[in-house]
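Here is a friendly note to go with your first look at this model. Please keep the structure open beside you while you go through the points.

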Amino acid sequence: YMIAPNGNSADRVDVLSMSMGGVASKAWADVVNRAYDAGIVMVTAAGNNILLTPQTIVYPARFRRVIAACGVMADGRAYIRDNVPFGKMAGNYGPDSKMDTAIAAYTPNPAWAEINCEAIVDMDGAGTSSATPQVAAAAALWLQKHKPAMNGWSPQNIVEATRKALFESADSQSPDSRKHFGRGILQASTAL
């Protein structure tokens, strides 16, 4: 549907924000490849776990053609939350080979819509699912500003230019930035 809504590829999306994932499959790979070839910038949550040791990034975020959204806390640490029923919840990261196409955004406590209450927005968003729309929004803003100048470019080159802008403008100064945040912490204003 994202590639050709109602069968019309002219109405396809430019950016996808997806806060879900799991194990690899041929179906995931096929849709990621089709979306990339259509020029869609895909941003998906890196995943969370409730174990004490963070686990690796889940699919489809794990695919190199997808930007994995990792979590960073306000104090600069990798996302970890202590007050969950089964212990600690941590944002996923790694393996190192995936971190070239990962970036972090802030969590917890971003604005989060209350389920089944369209007029209520709380400040309790958490996990890599709340980092994902921040990265996708930055990609959409960058495309809004720069896509007209890329008229005639291949769809894949437009995706790569968008990714490059986000990755090269990210703050990678933290000591463990590569390990936990990939290319760094999102800096949307700098990217623009």
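1. Which residue just after α1 takes a positive phi? The residue is glycine 39, and its phi is about 95 degrees. Before going on, please bear in mind that this is a predicted model, in which local features need pLDDT of at least 70 and side-chain atom pairs count only at pLDDT 80 or more, while totals for chains, interfaces and linings use all residues. Residues are numbered from 1 along each chain as its sequence is written, and side-chain values use heavy atoms, with hydrogens and water left out.

2. Helix α1 covers residues 26-38, 13 residues in total, and its first and last C-alpha atoms are 18 Å apart, close to the 18 Å expected at 1.5 Å a residue. Helices here are DSSP runs of H or I with at least four residues, strands are runs of E with at least two, and both are numbered from the N terminus. The expected span is 1.5 Å times one less than the number of residues.

3. Trp28, Val32, Ala35, Tyr36 and Ala38 are its buried residues. They lie on the same side of α1 because they cover an arc of only 160 degrees around the axis, the arc being that of the directions from the helix axis to the C-beta atoms. Buried means under 20% relative accessible area, exposed means over 50%, and partly exposed is in between (1.4 Å probe, protein chains only). On the face turned away from the buried side you will find the exposed residues Lys26, Ala27 and Arg34. The cover over the buried residues of α1 includes β1 (15-18), β2 (41-45) and α3 (155-169).

4. That brings us to α3. At 1.5 Å a residue its 15 residues should span 21 Å, and its end C-alpha atoms are 22 Å apart, which agrees. Its buried residues are Ile158, Val159, Ala161, Thr162, Arg163, Ala165, Leu166, Phe167 and Ser169. Among the elements that cover them are α1, β2, β4, β7, α2 and α5 (188-191).

5. How far apart are the axes of α2 and α3 where they pack? They are 10 Å apart, and the packing angle is about 115 degrees; axes are lines fitted to C-alpha atoms, for helices over the stretch in contact, and angles run from 0 to 180 degrees between N-to-C directions. The crossing is right-handed; a crossing is left-handed if the near helix is turned anticlockwise from the far one by less than a right angle, and right-handed if clockwise. Val135, Ala138, Ala139, Trp142 and Leu143 of α2 make the contact with Ile158, Ala161, Thr162, Ala165 and Leu166 of α3. Contact means heavy atoms within 4.5 Å.

6. Next, the charged pairs. The whole structure has 10 salt bridges, each a side-chain nitrogen of Lys or Arg within 4 Å of a carboxyl oxygen of Asp or Glu. Aspartate 14 pairs with arginine 12 at 3.0 Å, N to O, and with lysine 147 at 2.7 Å, N to O. The pair of lysine 147 and aspartate 14 links distant parts of the chain, 133 residues apart: lysine 147 is in the loop between α2 (128-146) and α3, aspartate 14 in the segment before β1. Aspartate 14 is partly exposed at 29%, as is lysine 147 at 27%.

7. Please also look at arginine 178 and aspartate 96, whose side chains form a salt bridge of 3.0 Å, N to O. Arginine 178 sits in helix α4 (residues 177-181) and aspartate 96 in the loop between β6 (87-91) and β7 (102-106), 82 residues apart. Salt bridges with shared partners join Arg64, Asp96, Asp100 and Arg178 into one network.

8. Finally, some backbone details. Cis peptide bonds join tyrosine 59 to proline 60, with omega about 10 degrees, and glycine 94 to proline 95, with omega about 5 degrees. Proline 60 lies in the loop between β3 (48-49) and β4 (67-72), and proline 95 in the loop between β6 and β7. Asparagine 6, although not a glycine, has a positive phi of about 50 degrees, and asparagine 6 is exposed at 72% relative accessibility.
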